[in-house]
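User: I am new to this structure. Please show me how to read its features, one at a time.
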Amino acid sequence: LYVVRFDLAQLACDRNTIFQALRAEGIGVNVHYIPVHLHPFYRARWGTRPGQFPVAETAYAEIVSLPMFPLMTDADVQDVVTAVAKVLEAYQQ
């Protein structure tokens with residue numbers, strides 16, 4: 001995984017918009033990391049809840065995982081870079 005964090009204060013959108021825009025560009029982004037305290041097990045077992053760990057929650061709201069795998073070609077990498085640049089430019093404030 002190659003996780004990137006977007007400075008949403010500099011963009012006129014949220015992470016979901018970036019996610020959808022990159023998907024529309026053919027880039028298989030995902031969100032792989034959810035703060036542990038928000039997982040159902042921890043919420044049920046220890047009563048954790050949103051708001052307890054705001055730094056983790058803020059990071060979670062700003063990150064996506066870009067594709068990265070051994071068989072990626074240089075052209076695949078360039079496609080990802082181009083798509084990210086295009087999306088960021090489109091939502092730049």
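User: Which residues on the other side of α4 are exposed?

Analyst: This is a predicted model. On that side of α4, Asp74 and Glu89 are exposed. A residue counts as exposed when its relative accessible area is over 50%.

User: And which residues of α4 are buried?

Analyst: Buried means under 20% relative accessible area. In α4 that holds for Val80, Ala83, Val84 and Val87. Viewed down the helix axis, the buried residues stay within an arc of 95°, so they line one face of α4.

User: Why do residues three or four places apart point the same way in an α-helix?

Analyst: An α-helix has 3.6 residues a turn, so positions three or four apart point the same way.

User: What do the buried residues of α4 pack against?

Analyst: They pack against α1, residues 15-24, and β2, residues 63-66.

User: Where is Asp7, and how far is it from Asp74 in sequence and in space?

Analyst: Asp7 sits in the loop between β1, residues 2-5, and α1. Asp7 and Asp74 are 67 residues apart in sequence. In space, their C-alpha atoms are 26 Å apart. Asp7 counts as partly exposed because its relative accessibility is 45%.

User: Which residues form a nonpolar patch on the surface?

Analyst: Val36, Phe41, Tyr42 and Trp46 form such a patch. Together they have about 440 Å² of accessible area. Trp46 belongs to helix α2, residues 40-46. With a relative accessible area of 52%, Trp46 is exposed.

User: Now the whole chain. How many helices and strands does it have, and in what order do the elements run?

Analyst: The protein chain has four helices and two strands. From the N terminus on, the order is β-α-α-α-β-α.

User: What does its C-alpha trace span, and what share of its residues is buried?

Analyst: Along its principal axes, the trace spans about 45 × 35 × 20 Å. Of the 93 residues in the protein chain, 30% are buried.

User: What about contacts and accessible surface?

Analyst: Take contacts between residues at least 6 apart in sequence. Of these, 69% join residues at least 24 apart. The accessible surface of the protein chain is about 6300 Å². Carbon and sulfur atoms account for 57% of that surface.

How values were computed
Residues numbered from 1 in each chain as written. Predicted model: local features only at pLDDT ≥ 70, side-chain atom pairs only at ≥ 80, totals over all residues. Heavy atoms only, no water. Buried < 20%, exposed > 50% of the residue type's maximum accessible area, 1.4 Å probe, protein only. Arc of directions from axis to C-beta. Contact = heavy atoms within 4.5 Å. Patch = residues over 30% accessible without salt bridge, like charges linked within 9 Å, V, L, I, M, F, W, Y side chains within 5 Å. Areas by Shrake-Rupley, 256 points an atom, 1.4 Å probe, with all protein chains shown as cover. Salt bridge = Lys/Arg side-chain N within 4 Å of Asp/Glu carboxyl O.
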